[in-house]
Every structure is written in C-alpha cells, then in structure tokens.
Amino acid sequence: MISDQQAFNSPEHTAKINLESLHHVPQANWAYMYDEDTFHLRVRTQKQNVDRVVALTGDKYDWEAYHHEQDMHIVASDRFFDYWQVGVKPDNRRFSYAFRFHSGEETVWMTEKGIFTEEPEAPGGFYDRPYIHKIDLFAAPEWAKSAVFYQIMPERFANGNPSNDPEGVEEWGGKPTRENFFGGDLQGIIDHLDYLEDLGITAIYLTPVFEAPTNHKYDTINYKKVDPHFGDIELLKKLVEEAHSKGIRIVLDAVFNHIGSNSIQFQDVIEHGEQSEYADWFHIHSFPVEVKDDKPNYDAFGFFKEMPKLNTANPATKEFLLDIAEYWLKEIGMDGWRLDVANEIDHHFWREFRTRIKQINPEAYIIGEVWTDSLRWLEGDQFDSVMNYPMTERLLEYLNTDDMDAETFASHMGCILMRYPQQANEVLFNLMASHDTPRVLTMLGGDKQKLKLAIGFLLTFTGTPCIYYGDEIGLEGEGDPDCRKCMIWEEDKQDRDLHQWYKQLIHLRKAHTALSTGEIRFLKSGSQERACAYERWDDNSRLTVWMNPSDELVALTGELDGTWEDAFGDEQIKSADGVLKVHLEPYSFKVLIKK
C-alpha cells in the first residue's frame, strides 16, 4: 500500500476528487450519538464533486465478524461543500470506521491516518469510538420538538388587575418608551390563555417576572420575589397550573449575567467598598465604585451602569444563582429557563446549572441567548437550545432582497443546520422577532405577503418555532422600545386574516410530525431562480413546501413522484416521469402532502 504522501505528492496523480475539501473530525457535530441506538457520522466533500460516499464500520476486536458498508446521503449543502450523513447502529456499542469516496472511476479512502488511493487494511488507523455510553447522550426534552412557543412581555400583554398598576401608569396602547408603564401583569396572561390555546400555542416564554424597577425587568433586584406590579408567587403558580391544564408549558427568563444596581448586593458594595461581603460578586476594577463619562469602573451588561455584571466564578455568587434556578423549578413547577446573555457567562457555571436543573426535572428545556455559532454550548453538557438568530437574519435577507436566489438561500440554511448535531437542530429556538429586534412586519417593510412567507417557513422548518406576541395580528414597531407595544385586543383592530394564517400553519405543524422531527431536503433549483422548495418527511407522512418571494408567476419543478394534495385547498398535483411541477403565484406559499 502506498502512503497518502506518496499518492498525492506524485506529479503523475491527477485526482478528480478534491482532496483538500474532504473533512471529518471524530467528535462534536461530525460524530455524535443521536439516540441510544444510533450514532451519526458526517463527512464533507466539495460541492457536486463526489458521486457516492460509503461509511466502512466494524468492531476492531473482530472485524471479519462485525463489519458493514453503509451508503451515506447528502443532508445539506452550502456554497462550497456537500455534507454527507449516515446513522450507524453498532453491533457491540463500539465501532471503528473509515470513509470511501467514489467519483466516476476514481476511489479514495479516508481514515484517521490520512487519505489513500489503495484500500487500507481495516481497522488499523481507522477512526475509533472505543465505547458508546448512554450517559453521554445529548437528549433535549422530547416535548420541545413539537412545541409552538409564544413570547410574552408581561408588562405589555394585558392588564388583568389595575389595582397592582405602578404609579403613573399610562393608558393601554400608548406610545412605548424605555421608562413608561401600561400595567400588564400575570392576571392579564391568565385571562387570555384561551386565546393562546385557540391559536394553537403549546408553550409560553415569559420575559423576566422578578422584582425590578424597569418595565422590562432585566435589572433584577430580588430573584425570589415576583414583581408586585405583576402579581405574587401564588398568582405565578396559578398561571403555571392553568396553562398546564390547557397543554401549555411555561418557560421563565433567568438573568444571571448581571443584576440590578439597586439590588442589596450591589448597594452594599457601593456603601462598603472593598470591605463589602459582596465585593467579589462583581468585576470591579477599582474602589470606590463610580461612573465617569457615563462609563462605570466595573464590568456591566454593555456599558449600562444599571446592570453590573455578576462574577459567576465566585463560589458564593454561583451558589446564590443556582439556588434561584432550583427554587423556581421546585416552587411552581415551570418547564424550563431561557438564559439571558448566556454567552457572557462561563461554561463551568452552565455545566453545573444543567446538572442541577436536570436532576430536578430531566424534561426542563434550557434555551441560551446566543446570537452566533453556538456549538460549544450544544454538546449535551450545557444548553438544549439557543435562539436561532442566524436563521432569522438569512430568511429576512432572502425575503427582502432580489439579490439572493433560492440556491444561495438553501446553502445558508444548510450551513446553519450543519453547525449542530441533529437533535440540537430539532429544538433550536427559531424566531422571526423578539423584544430585542424590530417587529418582523416592520423588518419586511410592512409587506404582509412577505410576512406570510416568513411564518410559513418558520412553522415548516426544522426546530422549535416561537411567535413574538402580537406579530400574529399585525403589530409593527422599530427597535426597542417601539417593538414593545401593548397587545391589541379589539378584534376590529387586529389583522384577522393574518391571525388565521398563523393558526392554519400551527395546526398543520401539529398534525404532521414530519414538520417537527422529520428529515429535511432542499430541492434543486435553477441558477438565479428566486422561488425555493424543500421536503419534510418521516415514517408517517411526506410534505413539500414551495415558496415564491418574487413578484412573478413561476413554475417550479422537483424530482418527486406520486400524487400530492394542497394542504390548504382541494388542488391535487400528479408527477410526470418522476417530476412534480408546481405553479406559484407572486409571493405565494404552498404546502403539498403526498397521498
């Protein structure tokens, strides 16, 4: 056998397969346990450069008795690469493996030792999984895979009890500022649970409900007290209980990166300086604590002096916060935590956080606020999910500009999906807007047809969708504070057509498990073609989604056989010679179900 160096440094070798593009690492999102019986392998090749990839697997202790060849399939593509995947079910909870690549008459092998033109002797030098331990499985909560979330800012959703309104409360529906209050509270949410149930919502994410001086409550002063303008602990328990009775789960917001400057801990540091028992709870550069030129001499969230950053590596601070997280899970039986500014807190803290939360409730859903590539938090030892802003940004870009064709959009989505293990993708917290962004309708230039496309994609794509309160009835608004308007409850002021569209799509998602936990494949599109299509399937059903973000009538084709029925109408379309042709009106969205 010749070595990889001999084979590929030789001037006589003119390989068709692009060897520099071949990539695999035996860990993280490239090699991981998907469930108790299945191990996923992924490998990368240059886009449209390789015809076939085979995973060679077997037991290193008896290769002859236990070896298999499994064809891999392309699960995603981006601008430069194809990504291949296969599910391996080892005979003995361990296996070694290599890859074989085919392109025309050419064949090459890749092992941990390198790339070869002659078949290497198995299993020497192969990648190796010495033993697969069930305890190492990254298992996100099963319920989150099929959940449809609804994000609520309690202060702006509904005023159910005017007697607990803050001083100076303004009339409901007024112009929001960063300082004003409108009286929204927990009773207001309870009063409208029927509305959420009718819409099809199965989980609520509440922004902070603990005592704080601002309307947004991200500057907590007492983590163990419900803000009195929202209610009390008994009312929060009632909200959880009544929501659960309707099949709706509750996730609260944990603000552990920073605390309010009016908290007793930070006020003690201001008063006692270095002698304060809480001096090590913060990252203070010098004493006394002060603010010069609007910049504090201590670390904070951004440079906001009202939100000093907590030192989560300090044992006392760490234990204080972990106790808070445990307390609310035990006290009210809520279903998970969304973690504010999660990427600015140390990984040691989050690892212990997960351990202690899952000991109380293994099905608690942990969502981190991270706006960028988040693999380091999604390997089973920290979060279950992150807020998938990269998906949001690419989808908005696709809908807002004629410069992005369908192939480019599909490439962006493929790149995002390949960042994480599949079980993480199945529960990624997908959203179109939040309290930290302009309203989605505003970001789409007020175009409700584009909004329908965006929500159609959100509710048929892989991941856990979340709707920001009021988006479903057409609320608009620029960034904070304009995106935090009061919910409109008068039906004659709501966009009921838009509301019905959301409701239809949620019902469709809940009716077909393929849309939540099924496989996904983008269909090939022509160069410069704006309209895109993708397929979702599992053992129960197969659906295709067709989206036209252009102002032109288009006819889109896909290599699909059989008869397909419109999910929202009576139309049936039959394929011809294995090709399905679908006509799409401008700015239209269509879902077809295979009969």
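In this predicted model, Arg44 lies over the face of Phe81, at 3.9 Å from the ring centre, where a charge sits over a ring if NZ of Lys or CZ of Arg is within 6 Å of the ring centre and within 35 degrees of the ring normal. The charged end of Lys217 likewise sits over the ring of Phe230, 5.3 Å from its centre. Because the model is predicted, local features need pLDDT of at least 70 and side-chain atom pairs count only at pLDDT 80 or more, whereas totals for chains, interfaces and linings use all residues. Residues are numbered from 1 along each chain as its sequence is written, and side-chain values use heavy atoms, with hydrogens and water left out.

**Aromatic pairs**

- A search of the whole structure finds 46 aromatic pairs, a pair being rings of Phe, Tyr and Trp (its six-membered ring) with centres within 6.5 Å, counted as stacked if the planes are under 30 degrees apart, edge-to-face if over 60 and tilted for the rest.
- Phe210 and Trp337 form a tilted pair, with 6.4 Å centre to centre and 50° between the planes.
- Phe210 lies in strand β13 (residues 210–211) and Trp337 in strand β18 (residues 336–339), so this pair ties together parts that are 127 residues apart in sequence; helices (H or I, at least four residues) and strands (E, at least two) are DSSP runs, numbered from the N terminus.
- Phe210 is buried at a relative accessible area of 3%, and Trp337 is buried at 1%, where buried means under 20% relative accessible area, exposed over 50% and partly exposed in between (1.4 Å probe, protein chains only).
- The rings of Phe522 and Tyr534 have their centres 5.3 Å apart and their planes at 45°, so this pair is tilted.
- Phe522 in strand β23 (residues 519–522) and Tyr534 in strand β24 (residues 532–537) are twelve residues apart, and their pair links distant parts of the chain.
- Phe522 is buried with a relative accessible area of 19%, and Tyr534 is buried with 0%.

**Helix α6**

- Helix α6 (residues 233–245) has 13 residues and reaches 18 Å from its first C-alpha to its last, close to the 18 Å expected at 1.5 Å a residue, the expected span being 1.5 Å times one less than the number of residues.
- The buried residues of α6 are Leu235, Leu236, Lys237, Leu239, Val240 and Ala243, and they pack (contact means heavy atoms within 4.5 Å) against elements including α4 (186–191), β15 (249–254) and α8.
- Asp232 caps the N-terminal end of α6, with a side-chain oxygen 3.2 Å from the backbone nitrogen of Glu234.
- Just after α6, Gly247 takes a positive phi of about 75°.

**Helix α10**

- The twelve residues of helix α10 (residues 389–400) should span 16 Å, and its end C-alpha atoms are 16 Å apart, which agrees.
- Among the buried residues of α10 are Tyr389, Met391, Leu395 and Leu399, and its buried residues pack against elements including α11 (406–417), α14 (448–458) and β24.

**An exposed loop position**

- Asp577, in the loop between β28 (572–574) and β29 (580–584), counts as exposed at 82% relative accessibility.

Conventions: A polar contact is a pair of N or O atoms within 3.5 Å; within protein, one must be able to donate a hydrogen and the other to accept it, and residues adjacent in sequence count only if both atoms are side-chain atoms.
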